[in-house]
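Biologist: I would like to walk through this model one feature at a time. Please show it first.

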Amino acid sequence: MPHTCTLEQAVDHVLSEIDGPIHLGLPLGLGKPNRWVNALYERMRNLPERQLTIYTALCLARPRADQDLQRRFLEPFVDRVYGDYPELQFLADLHAGNLPGNVRVEQFFFQPGSLLECEPAQQDYISSNYSHVARDLNAKGLNLVAQLVAAHPAQPEHFSLSCNPDVTLDLLPLLQQRRAAGETVLSVAQIHSDLPYMAGDAQVSRDTFDIHIVEDERTTLFSTPNMPVTLQDHCIGLLASTLVRDGGTLQIGIGAMGDALAAALMARQHDNSRYRSLVQALGGGGNWGQTINANGGLTPLEQGLYGCSEMFVNGLLALAEAGLVRRAVYPDVLLQRLALGGALDDQGRPRSVQALLDAGLVSALQPSELSWLLECGLLHGDVQWEDGCLHLPDGSRPAADLDDPDTQARLQPWLGRARGGVVLHGGFFLGPEGFYRRLRELEDAQRQRFAMTGIRYINELYGEETLKRLQRREARFINTVFTMTLLGAGVADQLEDGRVLSGVGGQYNFVAQAHALEDARSILLLRSWRESGGEVSSNIVWEYGHATIPRHLRDIVVTEYGIADLRGKTDAQVIEALLNISDSRFQSGLIEQAQQAGKLPADFRLDPRFANNLPERLQLLREQHAELFAEYPLGSDFSAVEQDLVRALSWLKSKLRLTEVLELGKATLDAPEPGAYPEHLRRMSLEAPDGMREALYQRLLLAGLQATAAP
């Protein structure tokens with residue numbers, strides 16, 4: 001029986017039951033029971049003779065700012081949005097270099113960019129595919145797992161793993177094997193009152209956990225507010241949306257480019273005329289028309305999409321709410337074949353008995369076939385088989401032959417809805433507060449359509465491969481990178497000097513899967529240029545000292561300037577395709593490097609159609625098609641005033657460099673009077689500057705607000 005206790009008693013129980021070193025596994029992201037982890041960590045700090053190793057990923061901390069202006073903006077927002085979210089004390093000590101000698105933290109994915117300067121974290125990073133994490137942690141001797149769970153009054157015998165069944169479901173059988181061999185392995189559950197209760201595989205018996213903390217967690221859930229979608233991101237999302245095939249499968253990642261893709265797909269569905277016009281203006285017809293026709297399309301999605309994504313992101317829920325993610329898949333091979341054959345409608349009901357036959361159902365029903373039809377829900381009621389006839393609830397006894405017109409007519413009223421149909425498989429979720437709220441507010445039948453499950457089911461083909469191949473038709477696995485080499489390698493997790501920015505996660509899994517599925521494509525999204533430290537540079541480079549995706553798995557790359565289909569191309573063809581979608585400010589230098597390496601002929605000339613890949617051209621398009629360039633297409637946690645301030649602070653950050661000091665000084669001198677933006681100044685506590693520093697901040701902010709004001 002589970003041991004029910006308080007938070008501190010749960011720490012006592014763990015310390016008494018596990019004699020030696022504690023190897024604690026925590027879910028990535030949202031599912032960590034932070035207050036309990038802090039209690040265990042504090043106790044271990046005072047027990048230097050005991051060893052604690054924590055294995056986890058994506059440790060979430062409130063955003064912080066180093067500069068005063070940014071801090072004035074961020075701190076009130078953080079207080080409002082993150083409330084009493086409990087920070088992980090071990091994470092703070094890790095950042096500060098203050099971990100005690102008996103505690104170690106190993107992670108396989110970082111909150112992006114947060115630990116670049118933290119040497120202990122960099123040294124104890126585990127580079128592992130997401131789908132291999134359970135295997136790798138089990139091999140390290142994991143003997144304790146702890147997780148936030150959800151509860152439901154109608155399910156008193158169950159918990160829901162909610163936001164994090166991902167690794168837990170893959171790990172539990174491995175831990176059970178070690179328990180059966182006599183090892184001590186403990187599991188701790190704590191209910192969080194605001195976690196959405198997700199059913200299906202995420203629903204587990206309460207007996208799964210050895211220790212139940214009776215104090216429900218009621219602190220603020222960590223959220224990731226939607227950030228502004230830039231012009232670059234919108235153009236990338238629009239072009240990527242043309243590669244999504246109606247009736248296919250969709251995986252997307254977190255971030256502004258994912259939001260832009262979701263917004264573009266909704267425009268394709270609900271504002272198709274404007275959508276097509278903008279895609280045409282971006283060169284989608286003339287330059288990329290063949291690639292679009294071969295892989296996607298511009299028409300609305302009549303069949304809808306099935307979502308298969310390790311991360312269930314806000315954009316996927318928005319697409320489901322808009323009616324685009326609606327293609328159901330089923331947990332049975334024959335049932336899935338019937339669905340693909342068009343025998344079932346959007347709700348899983350057979351269109352007719354003849355439609356089932358046309359899709360491959362056998363006509364001569366035997367008891368086993370009848371039993372299957374009843375179990376999967378295609379027939380309902382007390383239908384029985386006897387001596388080659390069917391006994392129907394209305395008393396009729398037609399022949400057990402589905403080719404018989406009389407049998408078809410008599411069975412029609414007893415056709416039911418297929419069981420187990422879902423429109424999305426996800427491994428974990430994380431998003432804005434509104435995303436959690438919308439999941440909580442779903443009716444039970446709607447929530448059942450979103451299946452949270454183990455990460456190996458989503459990220460790998462092996463294991464139930466026949467079923468997965470049937471479900472994942474026309475898959476488009478869409479992920480982001482921050483750099484591409486001209487020979488087609490992608491970089492998403494690590495800098496050239498070896499420091500880890502985030503982690504591999506499941507990106508390699510999906511790229512490899514795209515090559516293993518007959519009609520799938522891997523699509524990598526990339527901003528063609530970036531600005532850092534006052535310098536503008538290309539994100540498409542000749543070479544880079546690290547690759548997340550090796551060039552032999554190159555497929556499709558999308559930047560704000562176009563689409564490059566690299567699959568099966570020669571090196572020279574790959575280089576040319578990537579030059580065509582790179583920023584024109586860097587094309588000549590890239591051409592020269594490729595020629596020096598002997599990878600482009602000396603007389604190579606860039607097609608003139610791609611010689612005007614410049615931000616100014618895209619800015620003109622935004623002015624002409626403003627309705628499709630919403631700054632926050634999926635909503636925002638920022639107030640209207642805060643949205644103005646985000647824009648102004650971003651502008652100031654871009655101008656604070658040597659090359660534009662004069663422009664910034666002039667803008668400051670020309671800044672409007674404080675009366676033009678009283679609410680903005682109050683929000684930043686600059687309505688009455690105290691001293692020269694605050695007076696300068698006020699002028700800088702006013703200059704930024706004026707420069708970024710809507711026309």
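Predicted model: local features only at pLDDT ≥ 70, side-chain atom pairs only at ≥ 80, totals over all residues.

Modeller: Residues are numbered from 1 along each chain as its sequence is written, and side-chain values use heavy atoms, with hydrogens and water left out.

Biologist: How many helices and strands are in the protein chain?

Modeller: Helices (H or I, at least four residues) and strands (E, at least two) are DSSP runs, numbered from the N terminus. By that rule, the protein chain has 28 helices and 24 strands.

Biologist: What radius of gyration does the protein chain have?

Modeller: The radius is taken over C-alpha atoms, and the globule rule is 2.2 Å times the number of residues to the power 0.38. The C-alpha atoms fill a box of roughly 95 × 70 × 55 Å along the principal axes. For 711 residues, a compact globule would come near 27 Å, which agrees with the chain's 28 Å.

Biologist: What share of the residues in the protein chain is buried?

Modeller: Buried means under 20% relative accessible area, exposed over 50%, and partly exposed in between (1.4 Å probe, protein chains only). Of the 711 residues, the buried share is 58%.

Biologist: Which residues have the most contacts inside the largest nonpolar core?

Modeller: A nonpolar core is a set of buried Ala, Val, Leu, Ile, Met, Phe, Trp, Tyr and Cys residues joined through side-chain atoms within 4.5 Å. In soluble globular proteins, nonpolar side chains tend to be buried together. The largest core here has 143 residues, and those with the most contacts inside it are F312 and F429.

Biologist: Which residues does a second, separate core include?

Modeller: This second core has 39 residues. Among its members are L26, M44, V188 and V504.

Biologist: Where do the buried residues of α23 fall, seen down its axis?

Modeller: Helix α23 spans residues 587-596, and its buried residues are Q587, L590, I591 and A594. Directions are taken from the helix axis to the C-beta atoms. The buried residues fall within an arc of 100°, so they line one face of the helix.

Biologist: Which residues are exposed on the other side of α23?

Modeller: The buried residues have cover that includes β21 (535-538), β22 (540-541) and α22 (571-580). After the helix comes G598, with a positive phi near 80°. Exposed on the other side are S588 and Q596.

Biologist: Is R326 buried or exposed?

Modeller: R326 sits in the loop between α12 (314-321) and α13 (333-340). Its contacts include Q269, E302, D346 and R449. A polar atom of its side chain lies 2.4 Å from the backbone oxygen of G323. With a relative accessible area of 18%, R326 is buried.

Biologist: Which backbone oxygens does the side chain of H212 reach?

Modeller: H212 lies in strand β9 (residues 211-217) and is buried, at 11% relative accessible area. A polar contact is a pair of N or O atoms within 3.5 Å; within protein, one must be able to donate a hydrogen and the other to accept it, and residues adjacent in sequence count only if both atoms are side-chain atoms. The side chain of H212 reaches the backbone oxygen of R206 at 2.9 Å and that of F209 at 3.3 Å.

Biologist: What distance separates the C-alpha atoms of R622 and L278?

Modeller: R622 lies in helix α24 (residues 615-624) and is partly exposed, at 36% relative accessible area. Leaving aside neighbours within four places, R622 is in contact with L231 and F629. R622 and L278 are 344 residues apart along the chain, yet their C-alpha atoms are separated by 9.1 Å.

Biologist: What is the phi of D387?

Modeller: D387 is in the loop between β12 (384-386) and β13 (389-391). At 68% relative accessibility, D387 counts as exposed. D387 is not a glycine, although its phi is positive, at about 50°.

Definitions and conventions. Contact = heavy atoms within 4.5 Å.
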